[in-house]
Amino acid sequence: MQRYRPAPSHVISSRATRRGTVRRCSLGLLAALTFLAGLTGATCAVRAQTEQSIVVLVNDDPISAYDIEQRERFLTVTTHEEPSAELKKKATDMLIEERLQLQQGKKLGVTPDEADVTKVFVDMAQKNNMSPEALTSALEQMGVNVKTLKDRIRSQIVWQGVVRKKFRLNVQIGDAEVDKALAGNGESGKTVEALQLRQLKFEIPSSADQTAIAKELAALEALRARLQSCANVATLTKGMQGIVVKSLQDQMPSSLAQPVRTLVMNAKVGEMTPPTLSGSAIEAYAVCGKHATKGDPKQREETEQKLMGEEMGLRAEGLLRDMRQDAFIEYR
């Protein structure tokens, strides 16, 4: 339930103000940041009063005039929008939604990990070719407290956790949905052959001479002659020093370098390719299966993840809309 009150002629202060506590602020914080068009500096007394005045309650969780001012400044910097009544409303709505997201996270036991907040902040700085300290300083020069950005990051991390916890097990994307999405991109008609392979790889020591290399090639060739199916690869390689066996599922022939690609395509299921030298290793591939599939498996996986993200996004929007409808929001 949302309750609206017309703004009173006097400023409604926080409990700290009502008790007569006056928050001090140094003269160094009085500088006006003319970089932000239309924003002028405030006196120390006005800033202290702004920081403490509560203008919105979200289920008894306060949002101060200072919070809104800072978010509006942040939006001015990041979106290049001019300060306006519309931008102030946008900033207020954003803060209300973040309060609701954090409250829902608390209900579900999803709490923000400050290490994750710091990591995201550092990543943002690096993407802008800045250090975290430089990003903090740049924000301050534009009149934005770095806490404003970190609060935004914190609520997004919590909300992602909430959405995963509530919907991840309920959202399933089937092959038919993937096929339909691929058809919309003109990819459904493409049929490719996917391979299931076992890669057998022996890293050649730097000290190995031609005799040692020839010995390993002969050992893999002997193994190839004994191979009957992929089921006995593990048994046959047991005791062979330095051999690493790796399963490769839905491998595209195009992803394999020559001559391996040709060898694999010519091998039958259950056979192993002749060992070849590749850089500083000896490689061979056991062909465990071949099957035709519509669309590149990697593309299908990417399409499935995209559809999953879109469905989770829709459910998240619906959840937030319901939460806001049920919330007690009081404008002062």
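Tutor: Let's start with Arg224 and Glu221, which form a salt bridge with their closest N and O atoms 2.9 Å apart. The rule asks for a side-chain nitrogen of Lys or Arg within 4 Å of a carboxyl oxygen of Asp or Glu. Side chains of opposite charge can pair when their charged atoms come close. You're looking at a predicted model, where local features need pLDDT of at least 70 and side-chain atom pairs count only at pLDDT 80 or more, while totals for chains, interfaces and linings use all residues. Residues are numbered from 1 along each chain as its sequence is written, and side-chain values use heavy atoms, with hydrogens and water left out.

Now for where this pair sits. Arg224 and Glu221 are three residues apart in helix α9, so about one helical turn separates them. Helices (H or I, at least four residues) and strands (E, at least two) are DSSP runs, numbered from the N terminus. Arg224 is partly exposed at 31% relative accessibility, and Glu221 is also partly exposed, at 33%. Here buried means under 20% relative accessible area, exposed means over 50%, and partly exposed is in between (1.4 Å probe, protein chains only).

Elsewhere, salt bridges with shared partners join Glu114, Lys147, Asp151 and Arg154 into one network. One of its links is Asp151 with Arg154, at 2.8 Å from N to O. Asp151 and Arg154 both belong to helix α7, again three residues apart, about one turn of the helix. Asp151 is partly exposed, with a relative accessible area of 26%.

By the same rule the count comes to 17 salt bridges. Another one joins Arg324 to Asp93, with 3.0 Å between the closest N and O atoms. Arg324 is in helix α12 (residues 297-326) and Asp93 in helix α4 (residues 85-108), so this pair ties together parts that are 231 residues apart in sequence. Arg324 is buried at 18% relative accessible area, and Asp93 counts as buried at 19%. Leaving out residues up to four places away in sequence, Asp93 touches Arg324 and Tyr331, where contact means heavy atoms within 4.5 Å.

The axes of helix α3 (residues 65-79) and helix α7 (residues 146-167) come within 9 Å and cross at roughly 85 degrees. That makes α3 roughly perpendicular to α7. Axes are lines fitted to C-alpha atoms, for helices over the stretch in contact, and angles run from 0 to 180 degrees between N-to-C directions. Under 35 degrees counts as roughly parallel, over 145 as roughly antiparallel, 65 to 115 as roughly perpendicular and the rest as oblique. At the meeting point, α3 brings Gln70, Arg71 and Phe74, and α7 brings Thr148, Leu149 and Arg152. By class, the residues of that contact divide into two nonpolar, two polar and two charged. In this scheme Ala, Val, Leu, Ile, Met, Phe, Trp, Tyr, Cys and Pro are nonpolar, Asp, Glu, Lys and Arg are charged, and the others, Gly among them, are polar.

Helices α5 (residues 114-127) and α6 (residues 132-141) have axes that come within 8 Å and cross at roughly 80 degrees. They are therefore roughly perpendicular to each other. Phe121, Val122 and Ala125 in α5 meet Pro132, Leu135 and Thr136 in α6. That contact has five nonpolar residues, one polar and no charged ones.

There's a covalent link as well: searching the whole structure turns up one disulfide (a pair of cysteine sulfur atoms within 2.5 Å). It joins Cys230 to Cys288, with 1.8 Å from S to S. Cys230 is in the loop between α9 (210-226) and α10 (233-237), and Cys288 is in strand β7 (residues 281-294), so the pair links distant parts of the chain, 58 residues apart. Cys230 is buried at 13% relative accessibility, whereas Cys288 is partly exposed at 24%.

As for the whole chain, the secondary structure comes to twelve helices and eight strands. Buried residues make up 37% of the 332 residues.
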